[in-house]
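Subject: A structure for you to explore

Hi there,

Here is the structure I promised to pass on to you.

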Amino acid sequence: MNNKSFYLTTTLPYVNAPLHVGHALEFIRADAIARYKMIAGYDVFFNSGTDEHGIKIYTKALENKKDPKQFVDEAFLVFKKQVESFGVTDHIHFIRTSDPVHEKAAQAFWTRVNDRGYIYKKNYQAKYCSGCEMEKTDSDLVQGKCPEHPNIPLEIIDEENYFFKFSEFQKPLLALYDSRSDFVIPEFRFNEVKSFVSRGLLDFPISRLKEKMPWGIPVPGDDAHVMYVWFDALTNYINTLGWPDEGGDFKKYWISGTPTQYCGKDNNRFQSAMWQAMLLAAGIPNSYQIVINGHMTGEGGIKMSKSLGNVVDPLDIAKEYGTDGLRFFLLAEVGFDDSPFTPERFKESYNAKLANGLGNLTSRIMKMAETNLSEPVAVESVSFDPAFCTSLDHFEIDKACDFIWNKITALDRKIQETTPFKLVKTDKEKGCAIIRELVTELHSVAVHLQPILPQTAQTILGLITENKTPS
């Protein structure tokens with residue numbers, strides 16, 4: 001057993017609309033890593049939650065004729081049910097940015113950064129995308145629109161706000177990147193953020209006037225302003241561990257552990273540069289690693305987005321094909337690049353690799369075992385294969401799935417070559433010996449499936465223990 005601690009987080013989605021399959025990708029991939037680490041003996045703290053402040057939430061609450069707090073309370077319950085449908089359940093810790101504990105800790109973070117001289121106030125004018133909750137320069141735009149949210153008109157902000165001195169952190173960030181060759185995974189995403197920082201950094205606003213956007217955490221010492229939504233939200237990664245108390249879980253998982261953050265590629269700058277600069281400004285150790293997923297795309301290769309209205313509801317998929325059916329596609333068929341999700345592609349993968357692959361193999365082996373063996377096979381404890389571990393240690397979950405399905409293919413080939421179902425009729429002892437070998441190897445497949453398809457893995461392990469054919 002390994003007693004090292006491992007801390008893993010996802011980003012916090014807004015609760016202004018239901019989660020889509022792109023969110024499911026992030027949650028399920030992070031969950032697979034958390035499960036792998038737990039089985040490997042790590043003390044794991046797996047964190048997620050909801051981002052509940054900002055103009056998008058405030059506007060949606062008004063549209064629904066609800067108080068913002070009532071709106072987010074109801075939306076959080078929906079969020080939890082959706083996450084459960086992804087197979088992410090009791091081992092995950094949730095934080096809400098409307099929690100009083102989070103709000104106080106976010107204010108403490110602001111105060112520390114301000115006391116260290118990295119916050120100032122000024123008048124400014126900027127183009128602002130409410131979909132990103134971020135200002136945009138002309139170089140960020142495509143034909144005058146935000147490329148991530150082209151259907152949302154840009155706003156013009158002209159007001160006095162607080163700013164963070166991001167410009168002072170170019171050299172410290174580049175030094176951080178130089179010290180950690182795998183700080184951002186995959187490498188091409190790391191190159192993107194290094195290029196971004198190398199071009200020079202601009203200070204960014206971290207507050208909004210309360211009279212224009214009242215739903216937010218008050219700025220310490222200035223009730224006329226609330227924190228910019230993501231400045232408060234980013235601090236959840238340490239607040240959930242009890243910070244500003246620097247002992248307890250914070251020391252265990254952030255200081256002594258390997259704080260790892262999962263996010264989509266549109267969060268690369270936030271997580272890999274802005275958040276890291278904020279930590280430096282507060283005198284808090286940086287994250288250990290940032291893992292960047294690509295986007296799930298819909299028809300025409302367009303990113304799935306709630307604001308674009310081209311999303312696929314993962315609940316519909318889970319209801320028809322089961323939670324593990326959804327998990328399989330998002331773990332086995334998706335790498336670090338953008339990946340298309342269409343019903344046709346999903347069904348083809350499900351039928352070929354799950355129903356006709358793993359399902360048929362399990363049925364054939366257990367049918368032979370139940371028919372020909374007088375008792376269950378006494379399987380021994382199996383550890384993860386080093387090659388499987390290497391893939392997951394590098395967050396290459398699709399390669400870990402390839403490892404499992406290569407074992408499945410090899411088992412199918414062994415059945416075809418040895419034909420034990422025929423051999424037992426002429427040489428029962430030899431035929432049964434091969435069947436026991438097949439059951440043992442199926443057991444190994446099930447063990448490796450545990451972080452990937454937990455429900456399926458437990459079903460197969462139960463069948464082996466009882467020596468029964470799946471119904």
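Predicted model: local features only at pLDDT ≥ 70, side-chain atom pairs only at ≥ 80, totals over all residues.

**The whole chain**

The chain contains 18 helices and 15 strands. Its radius of gyration is 25 Å, close to the 23 Å that the globule rule gives for 471 residues, so the chain is as compact as a globular protein of that length. Along the principal axes, the C-alpha trace spans about 90 × 40 × 40 Å. Buried residues make up 54% of the 471 in the chain. If you look at contacts between residues at least 6 apart in sequence, 77% of them join residues at least 24 apart.

In soluble globular proteins, nonpolar side chains tend to be buried together. Here, the largest nonpolar core has 79 residues. Which of its members touch the most others? They are L330, L358, I365, I397, I404, W405 and L449.

Leaving aside neighbours within four places in sequence, L330 is in contact with V21, A24, L25, I28, R29 and M296.

Another core, of 72 residues, lies apart from the largest one. Its members include L176, L201, F250 and M274.

**Two pairs of crossing helices**

Next, find helix α5 (residues 170-179) and helix α10 (residues 268-282), which pack at an angle of about 110° with their axes 10 Å apart. Angles of 65 to 115 degrees count as roughly perpendicular, and α5 and α10 are therefore roughly perpendicular to each other. On the α5 side, the contact is made by P172, L173, L176 and Y177, while α10 brings S272, A273, Q276, A277 and L280. Sorted by class, this contact has seven nonpolar residues, two polar ones and no charged ones.

The other pair is helix α12 (residues 323-332) and helix α13 (residues 343-372), whose axes come within 10 Å and cross at roughly 105°. How are α12 and α13 oriented to each other, roughly parallel or roughly perpendicular? At that angle, they are therefore roughly perpendicular. From α12, the residues in the contact are D324, G325, L326, F328 and F329, and from α13 they are R345, F346, S349, Y350, K353 and L354. By class, the contact of α12 with α13 has six nonpolar, two polar and three charged residues.

Best wishes

Technical notes:
Residues numbered from 1 in each chain as written. Heavy atoms only, no water. Axes fitted to C-alpha atoms, helices over the stretch in contact; angles between N-to-C directions. Helix = DSSP H or I, 4+ residues; strand = E, 2+ residues; numbered from the N terminus. Parallel < 35°, antiparallel > 145°, perpendicular 65-115°, else oblique. Contact = heavy atoms within 4.5 Å. Nonpolar A, V, L, I, M, F, W, Y, C, P; charged D, E, K, R; others polar. Core = buried A, V, L, I, M, F, W, Y, C linked by side-chain atoms within 4.5 Å. Buried < 20%, exposed > 50% of the residue type's maximum accessible area, 1.4 Å probe, protein only. Rg over C-alpha atoms; globule rule 2.2 N^0.38 Å.
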